[in-house]
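Here's a quick briefing to read alongside the model. Have the sequence and the 3D view open as you go.

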Amino acid sequence: MKVHEYQAKAFFAQYGVPVDRSVVCKTPDEAVEAYEKLGVDKAVVKAQVHTGGRGKAGGVKLGTSAAEIRSRAEAILGMNIKGFTVDRVLVGEAVDIASEYYVSILVDRKSKCPLMMLSREGGMDIEQVARETPEKIEKIVIDPLVGMTDFLAREAAFRLFDDMAQVKQAVPLFKNLYRLFIEKDASLAEINPLVKLKDGSLKAIDAKMTFDDNALFRHPDVAELFEPTAEERKEHEAKEKGFSYVNLGGEIGCMVNGAGLAMATMDMIKLYGGEPANFLDIGGSSNPEKIVEAMKLLLSDKHVNTVLINIFGGITRCDDVAKGLLEAFKVVETDIPIVIRLTGTNEEEGRKLLEGTQFHVGTSMADAGRKAVKLSLGK
Ligand code: GDP
Ligand code: MN
């Protein structure tokens, strides 16, 4: 789960990571009010969206008067950055930057540990640094059982700074950042840039955090910041109905019982040259309400032009599933072709029930896959 810069900065402040003073605003009036409240000459207006690269997209602008701040806020509010519409800006005191650094802690799959990344080439485009001059990014693996010890924090600080004045500030800063990362079950805590100001002090002027969705239940303060995209909202609603649903952007809607079978079904669609619209595991039961809900979910995706239902009847019997499907499709209205493959207990009886209906019945997984792809491609 992502949060906005201003929300990440609030966590930073709570954990003693120094940040610039700033106020989040929804209108140009509020931005002017914030500017006056900050009582500074120069301020920065920053778009708050769930994506990076705002600076390059024109979403970070400096202003030196109330009028200028107003026009900056007017320009940035409503702006579209990588598909996200800006509905909030952060107005912060502009700082006098001497140099910019990159610091992050993330979960590293390779070492299966938290990993700290540091670079003296902080600022706008760390991806470019990683691509072109990877030697300029320092990596420190942190043993989660030991944590961020003083010596490790000092080692990290010395990799970034030559001067003791900054090393002394960086050590507690890194320890606090790590504590925040661990205590809130974050998957990323990133400062880009961490700046050294002209007076030698360090400040995080940008903040990015993402959190482990599976740990949100123990962090209500994080969970309440959830602002789902349309897709995420759908996935969330599906979860509440007992489905696992992931949108994949293709044309063949899949309704499957069991996660393994669902994955195999998607692979098969790919194999025959089609594109799965989604992963959907409807779980064990075959009751018509569940099938209706699942169909509604699939059909709410306007890209779906074919539906493939692939059910393995183990404890649930195939004839029950077929009855459930027939029942469900009395309620769901659609002219989208539907391919059904039933296998397992009572599959013969199940298939018989579907004979002469609007459904295309697949006799095997491969047969159903081929049929669905053909229908989807309009062949
Ligand atoms: P991002 O592009 O989405 O990562 O947004 P950032 O918050 O990192 O801002 C991009 C760049 O704007 C930074 O690297 C800085 O160079 C600049 N910037 C941001 N805040 C300030 C500020 O207070 N003063 C000055 N002079 N520059 C700033
Ligand atoms: Mn940044």
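Which protein donors does the manganese ion (ligand 2) have? They are N192 (O) and D206 (OD), lying 2.1 to 2.2 Å from the ion; donors here are N, O and S atoms within 2.8 Å of the metal (3.2 Å for Na, K and Ca), and water is not among the atoms, so the site may look incomplete.

This is a predicted model, where local features need pLDDT of at least 70, side-chain atom pairs count only at pLDDT 80 or more, and totals for chains, interfaces and linings use all residues. Residues are numbered from 1 along each chain as written, chains are lettered from A and ligands numbered from 1 in written order, and side-chain values use heavy atoms, without hydrogens or water.

**Metal site**
- N192 sits in strand 10 (residues 186-197) and D206 in the loop between strand 11 (202-204) and strand 12 (208-211), 14 residues apart; strands are DSSP E runs of at least two residues, numbered from the N terminus.

**K46**
- K46 lies in strand 2 and is buried, at 7% relative accessible area.

**G55**
- G55 is in the loop between strand 2 and strand 3 (60-63), and is partly exposed at 24%.

Terms used
Helices (H or I, at least four residues) and strands (E, at least two) are DSSP runs, numbered from the N terminus. Buried means under 20% relative accessible area, exposed over 50%, partly exposed in between (1.4 Å probe, protein chains only).
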